Amino acid sequence: MTGRPFWKTCMPKLLVSLAAATAISSAAQAFEPESNDPIIIGTFNWSSAMINSEIAGIILQKLGYTVEYLPMDDSARYPGFEAGDATFALETWATTQKINLETSVATGKVLDLGETGMQAKEEWWYPIYMKEACPGLPNWEALKDPKCGEAFAAPETAPKGRYLSGPVDWGGGDVERVAALGLPFEVVNAGTDAGMFAELQAAYERKAPIMMWVYAPHWAPAKFEGEWVDFPDYEDACYTDPAWGGNPDATHDCGKPEGWIKKMGWAEGEKKWPCAYEVVRNFKMDNATIQPLIGAVDLDGKTVTEVAQGWVDANEAVWKPWAACAGL
Amino acid sequence: MTDKPAPTASVLPFPAAAPSNGLSAARAAAEPALSARNLWKVFGVEANAFAIEDGTAMPAAEMARRGWVAAIRDASIDVMPGEVFVIMGLSGSGKSTMIRCLTKLIEPTAGKVMFHGRDLIAMPEKELTEIRRTRMGMVFQNFALLPNRTVLGNIALPLEIQGIDRARREAKAMEMIELVGLKGRENRFPRELSGGQQQRVGIARSLAVDPEIWFLDEPFSALDPLIRSDLQDELQRLQKALAKTIVFITHDLDEAIKIADRIAIMEGGSVVQVATPEELVTRPANDYVARFVAKVPRAKVTRVRSLMAPATGSILSPDPVRAEATITEIGPILVSGTGPLPVVDEGGRMVGTLDRQAALAVLGGRAGAA
Amino acid sequence: MALAETGRMGGMGWRVAPTQMALMAAVLALAASPVLAGMLPAALVDYPKQAVIGLAAFTGSWLTWLAREAAIGPLRIAEITRGLANVVEAPIALLNTLFAEGIQAGRGDQVRTVVPPLSWLAGIGLAALLAHMVGGRQAGPKLVALIVVGLLYIVLFGFWTDAMFTLTNVIISAVAAIALGIWIGTKAVTHPRIAAPVEGLMNVMQTVPVFSYLVPTLLFLGYGPSAALVATVIYALPPMVHATMLGLRGVPPEVVEFGRMAGASPRALFWKIRLPVALPQLAIGINQTIMACLNMVVIASMIGAGGLGFLVLTALRKLDIGGALQAGIAIVVLAVILDRLSLAAARLAASGTRIRSTGIPHGRLALGWFALASIAALLLPAFQSWPKELTLTTAPFWNGLVSWINIHWFEPLDAFRSFTLIHIMNPVKAYLLDLPWTLVIALVMLGGWMAGGARLGLTVGAMALFIAATGFWDPAVTSVYLVGLGTLLSLIIGLPFGYVVSRRQSWRDAASLVLDTLQTLPTLVYLLPAVMVFRNGDFSALVAIVSYAIAPAVRYSMHAFAGVPAERLELAAMVGASRWQTFKWVRLPAAFPTLLLGLNQTIMLAIAMLVITALVGTRDLGQQVFIALSRAKPGDGIIAGLCVAAIALIADMCLKAWARRAAARNGVEA
């Protein structure tokens, strides 16, 4: 490239702008961040995580922190947090990451920064048009009818119904659930999240039968009209004690647990940016708030930045108290 | 490389330093430009033991037992400055290995290779590199052109390797291109040239450094007969102008006879005879050579000088013949008149007379020994 | 011809006999396996759980120890590797600043870009000038047109900044892989003793799924561009090493002799002679390496590389298939541009001549254009980054198309899927899973022995035993079933297609373009539509495998049938052979060795897809690798990955040995 002339032409301008930028920032901000090192927020490839990350990022930037975003893999994030490659993650789901988070926190290098307030809901779900085929839904007992199973069948599972579970590593105990509750269903695992919802979208377009694992917060329940099956409420004993519940001889005779969604952070960083950690600890979000934001990104095609900025601008009263340590 | 002799071949060793090696008295007096003494190249398992155990005395059976194959056995030659020295042999005779030992492309197992009195084999790598860079040139059977470079780029490469700047090396390369008649094609790639043109590039490249000694390894074997003949003529033309010391490898006896001052015949790794073409035909050293040259017409190798009588006064003839011409070459003159012919040397001075009948007898004679 | 063939076969009859007997024994054993399984002791049918070696757990804890505690003197290993990672990141950061980010000042929400990155207007112009410069008079104009059209696509569809992030990562990793590959390949050629181990290691690196070493890479290098870079280089290195070895070995000995006679130093001999002469072969390696780097773009984006790969992932996450396709095509565009540019540049560098003068002062023009475009970009921001409102998109069309197929074509497609699944796939899978593991290992050894002798038989047997002993037998058998059916299907479709296409150059060119796209478009982009129609499960996995592995089947088939020596076909015509006779006796035997190599590549790519098939819900080794990743168990991931490599190596070694034999018998260069 043509390095020399590039600098020659731009250097004076650069100096002028630098001076201008410093002037603006010092005038506008009362709070002095503890460190100008960049705070790195790990983001993941689903929308709620990206929106929450950017909301937190925008708030921190307003306080004068330098913020960068780092795309990460949900499950492979931990070495990065333990080493300080990333500072915060806004979403850690109990339903998939509970053990990983606990293991990582146990190293002492990662902090559990508390629940966001969003609840991960996971359960068997069907589109609303399937209600006619299996009268009695959403009550789970309706599923026990073999006719109901047939209504949800695919050629290779017929006459049993086909239940699309999540990837094997999500667990979920659906095979045990089917056996314990005597449901005429066969469990088929999807490989990925994207694969699951691809199938849902296809079935929904054709108004074809489908029974599958859907979780929230997610765009799918917003886009597709449907219902969660109403299983007996989960309790810890249900998964461990056969005597619990309707089937005295089996565990898993209940629905799936609901779970927290937590924030996490790099332990070492708290010394560097104590106030930023305070803000993230205080960060709160709930399903009702995030769901329309997800819809705006996934269904209306808005950018994450637009949506996050919009929320921050409209909800100063909500987040200002989080930043009390900055004297706002 | 593939020239491995059949293990069963048994040949009389013929020391090259023997009296009858075709050298003229004048040349014999000079210092050889290149000479090989008792050269051996043995392939096989742990063949390096050969030198330590002095395998030169080892019986053939013992060598076979060890799985050793001698590609060169006890070969000695002298190449005189300015002569065209042809090493001739059929495939498997060891000629290819020989030229590679003479240039130390292959390390001989035993023996010496002297280049102007210095042993190439023993000298430090740096000195050898310097000699190869500036004093040797080599032409290869399959041209060995770099397909990625143009004609110009190929010819300039040896100079580039010497570290000569672009302007000078390209100017020199252009000179060479002109010399071999490829002007206008300097920006072509080898694949865009015919075989003959490619070898012209190979020749130009080997001459670019203006070497003292010029190695040609079957340079025309891969070409069509007509092109081959053209290039042989071209070589002779070049040699007349450049007067290099040439070591030329071929399996083609006609080619050898056409261009050689002297020929070394190789068989089974040994040098069987070193002689002028004429001597080879008239006095073959053994049956092998005799059978080899049996089909060669004597007239083609016999030179006027060897038939002429000393000058006896003046002869009235408009057609003097050159002493170095072969009888075949003067054929038209022989049959177009009567009486003895004057013989002149290169300078045009009369040196003797040729008896037309004796010459015609040679011309008419079929071939072979006298 | 036919006579000669039979004669030769008859001549070696005594050697065929034991092989044929062994083959018959194998067929018998396979047919009788259900009975056999009943007779054998249980431990010989299912590998006993107690005998599983805890290699995965050991590897995992060892890696964790190495990354967290191990130290050399006062420095922990991880600190050293991370230090190296920081060094690696410097050039990436520099390129990112130049191309994508610019220089920023200020802090918090007052951050402003004070020096913008290269504007698209300047970028396209500079790339075009570069293309013109390296392309020369002949190839230049075409290359310039390609680059301008390709980059305009990227600009108009709004991918410029993301494409620049991807570009910097790909450039650095491709340069690193190419340089390292040439270096390793050269060392392996000059030191014959290390050649075989290097080749073996490269085969393992090529077949171990990336996700296997993703966690260890993160452990040692930390999150960010350098981890993505290292993972990419590991994946992209092998083709460069193989090509370098092949290329250097193919330099005619005479050419090397010429170099020595010209007095070239070892360094000059390498740089001026051997390397440039090997270039056509190296070019294939460079091409494959760049393709491999771009293949990794999506995976690299998962661990911090960002760019186009992240766009593909987020689009897929919201099932915006059209959007993912658009971003995927931007990746393909980058692949094609980089490939053609690097080849032209390599050719130029090897030619040993000056850039052939086109009468255009490229340097001055570049400066002028850069200055002009930069000023234009400062005055009119649309030249800096294309306005969002003007961005083109075709995504709704693609999404609509997928929906349309889903609604109107579902019935026949689903009937086909159900039939295949119920009547072919499931029975084959059940049969294979029921085979006693001892029988399978015995058969693998037999196959190795038949293809390449006793030593090969023992080697492949040991690798099969490794799979059993580490406890991954069932997932491995499931993998073999998927790979086997996928390969078979790819061949059934690909070979005849390649044969037909091989007859005309124009057909071959068209087919090559399609195959290139199939190989560089991120797999997930076409896998998800497949899932919509075929649902999660083995059938979608099969579709994924076939769509990827069919490329080499077609490619090699084209190549093999186009390369049948003409005089043999003339001979067949002279003796009046019918079309079928010609095919059977002349074309097929001559093409056979190349076809075998094609089979080899088809299997390798099918195996490479295993990790993707896990994404649609199979229970094979790919799934094991994913589970290990999601549970952060690096040991399990590595061992499962090695099992994938073991399957690949078994197939590879046996087929290559077989191909060598077939080639020797037919007198055709494989």
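How many residues of domain 1 of chain C are in contact with how many residues of domain 2 of chain C? I began my notebook with this question, keeping in mind that the model is a predicted one.

**Entry 1: the two domains of chain C**

I looked up the domain assignment of chain C, which gives domain 1 as 18-33 + 50-64 + 409-666 and domain 2 as 89-103 + 113-401. I then counted the contact and found that 30 residues of domain 1 of chain C meet 25 residues of domain 2 of chain C. For the side of domain 1 that touches domain 2, I noted several helices of chain C that each supply at least two residues, among them α24 (505-520), α28 (579-608) and α31 (634-666). The helix that gives the most to this side is α31(C), with eleven residues. When I sorted the residues of this side of domain 1 by class, I found 23 nonpolar, six polar and one charged. I also noted that the centres of the two domains of chain C, taken over C-alpha atoms, are separated by 30 Å.

**Entry 2: two helices of chain C**

Next I turned to helix α6 (residues 77-101) and helix α11 (residues 225-249), both of chain C, whose axes come within 9 Å and cross at roughly 95 degrees. Because angles of 65 to 115 degrees count as roughly perpendicular, I wrote down α6(C) as roughly perpendicular to α11(C). Looking for the residues that meet, I found A85(C), V88(C), E89(C) and I92(C) on the α6(C) side, and P225(C), S226(C) and L229(C) on the α11(C) side. By class, the residues of this contact divide into five nonpolar, one polar and one charged.

**Entry 3: chain C against chain B**

I then looked at where chain C touches chain B, and found 20 residues of chain C in contact with 21 residues of chain B. On the chain C side, α12 (253-261), α13 (266-277) and α17 (321-351) each supply at least two residues, and the largest share, six residues, comes from α12(C). I sorted this side of chain C into twelve nonpolar, four polar and four charged residues.

**Entry 4: chain A against chain C**

Last, I looked up the contact between chain A and chain C, which takes 58 residues from chain A and 60 residues from chain C. Both helices and strands of chain A each supply at least two residues to the side that touches chain C, including α2 (47-62), β2 (67-71) and β6 (185-189). The largest share of this side of chain A, eleven residues, comes from α1(A). By class, I noted 29 nonpolar, 20 polar and nine charged residues on the side of chain A that touches chain C.

Conventions:
Residues numbered from 1 in each chain as written. Chains lettered and ligands numbered in written order. Predicted model: local features only at pLDDT ≥ 70, side-chain atom pairs only at ≥ 80, totals over all residues. Axes fitted to C-alpha atoms, helices over the stretch in contact; angles between N-to-C directions. Helix = DSSP H or I, 4+ residues; strand = E, 2+ residues; numbered from the N terminus. Parallel < 35°, antiparallel > 145°, perpendicular 65-115°, else oblique. Contact = placed C-beta atoms within 7 Å. Nonpolar A, V, L, I, M, F, W, Y, C, P; charged D, E, K, R; others polar. Domains from an automatic or database assignment.
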